[in-house]
Amino acid sequence: MKTRITELLGTRYPIIQGGMQWVGRAELASAVSNAGGLGILTGLTQPTPEALGREIDRCREMTDRPFGVNLTIFPTITPPPYDAFLDVILEKGVDIVETAGSRAVDFIPRMKSGGIKVIHKCVSVRHAITAERLGVDAISIDGFECAGHPGEEDIPGMVLIPLAANRLKVPVIASGGIADGRAMAAALALGASGVNMGTRFCATQEAPIHDNIKRALLDASELDTNLIFRSLRNTARVLKNRISDEVVATERLGCTFEDIRPLVAGARGRAALEAGTPDDGIVTAGLVVGLIDDLPTCDELIERMVLECRQRLEAGLDCFD
């Protein structure tokens, strides 16, 4: 399946596993790459730049196909050593980086000078246009359906994807609301050159999270996500559970981030993923949980998606005969 994205990334299929905090490890990234997609290691899942270097080495031992690293860069009071993480990415010869966050643009020139192909995640067309002007190689456009941070404008993928495809010269990757070959076919029909999936890859055999968490994703419907941080203008879509319900209730009463910090702490969410206690921390998930009903291997998932995508596109053409 050849598109502008497969030609850019050197993959067999235009399917990307997005960088996910605590989940984007070598086991999952290598499995996606071996299946013909692009696996992504999440840089800040690793505690230090040196640990990221070891994870890159470990991933290379598990696949000889292209993979990338995600580096999400947000302004914080005590920022991670982003420059040192980028040093390791460059030293290890990683040539694909998925960037996200409002400060990522500060690092794009250095990535480009190091020969890195940059996929930048955006939630609005105007930000995508800015990133394109700075030289990124592709834009991953996140619709409101997505897990994580969908922005504050609430534009769904059915509108955002064609808008981005109309306005941008670089290839567009559809992200948010993608779980199967039907959605992939729709994204390609809307002008995307590939798709990015997070939640769907969490519900695979190789995802390095507890089976109880995977079962919670299987059991969830499209009604089982919460939007937290709405009152703080930093909206995030997560799985509906005891903790996220409490965050939403606290926000409705009026609160500061400090009031909910203990509930949403990253360490607490990581512990829940690893211990298999889905009600004990924030679990990021998109609306596609309502479409997930099995736990395939990454290879089974990707091959099934590609077959279904081809069938849907061919059926669409047949209806005009």
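Predicted model: local features only at pLDDT ≥ 70, side-chain atom pairs only at ≥ 80, totals over all residues.

Let's begin in the loop between strand 9 (225-228) and strand 10 (236-239), where you will find phenylalanine 229. Its phi is near 65 degrees, a positive value in a residue other than glycine. Arginine 233 is in the loop between strand 9 and strand 10 too, and this arginine has a positive phi of about 60 degrees although it is not a glycine. Now look at how each residue sits. Phenylalanine 229 counts as buried because its relative accessibility is 11%, and buried means under 20%. Arginine 233, at 61% relative accessibility, counts as exposed, since the cut-off for exposed is over 50%.

Serine 33 counts as buried because its relative accessibility is 1%. A polar atom of the serine 33 side chain lies 3.0 Å from the backbone nitrogen of glycine 39. If residues up to four places away in sequence are not counted, serine 33 touches Leu38, Gly39, Thr63, Arg65, Pro66 and Phe67.

Leaving aside neighbours within four places in sequence, methionine 111 is in contact with Leu71, Leu86, Val97, Thr99, Ile116 and Val118.

Next come the charged side chains. The count comes to 20 salt bridges, and a few of them are worth a visit. One joins the side chains of arginine 12 and glutamate 303 at 3.9 Å, N to O. This pair links distant parts of the chain, 291 residues apart: arginine 12 is in the loop between helix 1 (4-9) and strand 1 (15-17), while glutamate 303 is in helix 14 (residues 298-318). Arginine 12 counts as exposed at 52% relative accessibility, whereas glutamate 303 counts as partly exposed at 31%.

Another salt bridge brings together the side chains of aspartate 142 and lysine 121, at 3.3 Å, N to O. Here strand 6 (residues 138-142) holds aspartate 142 and strand 5 (residues 117-122) holds lysine 121, with the two residues 21 apart in the chain. Both aspartate 142 and lysine 121 are buried.

Arginine 126 and glutamate 153 also form a salt bridge, with their closest N and O atoms 2.5 Å apart. Arginine 126 sits in helix 6 (residues 125-133), and glutamate 153, 27 residues away, sits in the loop between strand 6 and helix 7 (157-167). Arginine 126 is partly exposed, with a relative accessible area of 48%, and glutamate 153 counts as partly exposed at 40%. To finish, look for Arg25, Arg270 and Glu274, which are linked in a network of salt bridges.

Key. Residues numbered from 1 in each chain as written. Heavy atoms only, no water. Buried < 20%, exposed > 50% of the residue type's maximum accessible area, 1.4 Å probe, protein only. Polar contact = N/O pair within 3.5 Å; in protein donor to acceptor, adjacent residues only side chain to side chain. Contact = heavy atoms within 4.5 Å. Helix = DSSP H or I, 4+ residues; strand = E, 2+ residues; numbered from the N terminus. Salt bridge = Lys/Arg side-chain N within 4 Å of Asp/Glu carboxyl O.
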